[in-house]
Amino acid sequence: MNNESTYNLLNTINYPQDLRRLSVEQLPEVCDELRQDIIKELSCNPGHFAASLGVVELTVALHYVYNTPYDRIVWDVGHQAYGHKILTGRREAFSTNRKLGGIRPFPSPAESDYDTFTCGHASNAISAALGMAVAAEMKNEHDRHVVAVIGDGSMSGGLAFEGLNNASATPNNLLIILNDNDMSIDRSVGGMKQYLFNLTTSNRYNQLRFKISRILFKMGLLNEERRKALIRFGNSLKSIAAQQQNIFEGMNIRYFGPIDGHNVMNIARVLRDLKDMKGPKILHLHTIKGKGFEPAEKHATLWHAPGKFDPNTGKRFVVNTDGLPPLFQDVFGHTLVELAEKNERIVGVTPAMPTGCSMNMLMDRMPDRAFDVGIAEGHAVTFSGGMAKDGLLPFCNIYSSFMQRAYDNLIHDVAIQRLPVVFCLDRAGLVGEDGPTHHGVFDMAYLRSVPNLTIASPMDEHELRRLMYTAQLPDKGPFVIRYPRGRGSRTDWECPLTEIEVGTGRKIKEGADLAVITIGPIGKVAAQAIARAEKDKEMSIAHYDLRFIKPLDEALLHEIGRTFTNVITIEDGVIKGGMGSAVLEFMADHEYHPHIRRIGIPDQFIEHGTVAQLFELCGMDEEGIYKEICN
């Protein structure tokens, strides 16, 4: 491991202009120091680890060749952008990464001019970068270059292909860099293939090619259609030499590669040669996720976000969880296996998050009944709908914030037909350090207006299991179950699987002065605040667990409307349009007039921090609820 004093070159780099003062021969040393700095920082301040190590050489080469921030680099998902942050004025602040008030977990234009676009979700880089490239042309900024960096995993997203399709038909000079770190892809590198690649990325060749094309255009011998045909012919020639086809050939997008993504000097040469080439183009790099840290190279999934570790030995500091309640996701995973063993119609679907949502438990036990469809949330929903239409019962597990990307699919392909798909929305509510792109706070508001849906949120692990059991019973239609990231509250999480009547809440405790209505696990926090308020203020407080936001428990709400003049609603979602809004609507529709106060996510995007810090910030922690009750 390097010590701070041995970062001879990195210590001289505050911004990319400092990097560009170095010789190209010094870049490998910069890469080594940058990689060691990332390892050192993340060993004690956890974050997304392996992805950033895999693009160190690409990051250095991009900022060396391009005039950033005037030239635009658009990252697709910010997992790999830590090196980018360190090289763009944030090295000293990097120890605050993902901490409350510190630098953001993903690139954000609000933080730095070098961060060109929001990139917490996958597959948007090509579309955003194409928009920037077209804007540059329309503003006569012909010296501005735009680069999109996208991983092979993100290429499975439909938005990436929509962007590619548009890039092939819209005049632009966009460069798309495909960062391919899938080690199962092992393409041969023949002599003719390398020759053609070197030829077509040669600066002299491209200058000559451009001059000839201009002459032919002026002479009327070449038009846009013929130019595109020549590009297709060139791509075909390279494909014959390489003995393989690629999807970009027929799209009028010039393809270069694949090349070694860890040879920084060669990457810089290629980028320089491609820099002023006209028209859209793709550079394909092969990289190793976790490059330079052996444990991460061997187990990239485990080291995606490994927590704290020893940077010298690679030993991960795993917290002892003996005696703690389980993760909600693990309760989901175990219960799904238990249900699938008894109901042969059940199948599992996840868009690229089998470990993150514990769908891997079903994959291990019944691999033919679990499907990882890649980063393709819309497809996951419609795929589930198709299986449901022909007799299967899919449990489709999608993170709450990612479900936003499949909204139309849910309405058009599932809800209208009332198909029996069970949507398990993991990471519902505030998720913590990943910040506003990942907080699952909108689902109740955007789903409760959709007809035919049942939407529930369990207070604890027993409720989750029973809701999952209920959802797979006959004639339940599309059923949404939302639950948070992290641990539940019960060590005795296993319980008999019994049906919960759809649309029924429950009264947790009696009271006379005030009614508190909660939904989901935040009800546990509210119960603690209620107990405190009753002790300190001698209040009598009723507590209701609404359980279902659609359909509402109308009998329970009628009881509250007739009995109480003061009501507080508490939810771990946005208060605009959420559960509190549903209660207000019900009271207005039935001419009840209690004074209702709502606790939840305010009408703003919540930044990053620990879940506890963010709950306090939103007044949703025990102290905040206690103060509102006593107010």
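Biologist: Which residues in α2 meet residues in α11?

Modeller: This is a predicted model. In it, Leu-27, Pro-28 and Cys-31 of α2 are in contact with Val-264, Met-265 and Ala-268 of α11. By class, this contact has six nonpolar residues, with no polar and no charged ones.

Biologist: How is the packing of α2 and α11 described by their axes?

Modeller: In general, two packed helices are described by the angle between their axes and the distance between those axes. Here helix α2 (residues 27-44) and helix α11 (residues 264-274) have axes that come within 8 Å and cross at roughly 115°.

Biologist: Is Cys-396 buried or exposed, and what is the relative accessible area of Cys-424?

Modeller: Cys-396 counts as buried, at 0% relative accessibility. Cys-424 is buried, with a relative accessible area of 0%.

Biologist: How many residues does helix α13 have, and what span does it reach?

Modeller: Helix α13 (residues 328-342) has 15 residues and reaches 22 Å from its first C-alpha to its last, close to the expected 21 Å.

Biologist: Which elements do the buried residues of α13 pack against?

Modeller: The buried residues of α13 include Phe-328, Val-331, Phe-332 and Leu-336. The partners of the buried residues in α13 are β6 (346-350), α14 (354-357), α15 (360-365), β8 (393-399), β9 (422-426) and α20 (461-471).

Notes: Residues numbered from 1 in each chain as written. Predicted model: local features only at pLDDT ≥ 70, side-chain atom pairs only at ≥ 80, totals over all residues. Heavy atoms only, no water. Axes fitted to C-alpha atoms, helices over the stretch in contact; angles between N-to-C directions. Helix = DSSP H or I, 4+ residues; strand = E, 2+ residues; numbered from the N terminus. Contact = heavy atoms within 4.5 Å. Nonpolar A, V, L, I, M, F, W, Y, C, P; charged D, E, K, R; others polar. Buried < 20%, exposed > 50% of the residue type's maximum accessible area, 1.4 Å probe, protein only. Expected span 1.5 Å × (residues − 1).
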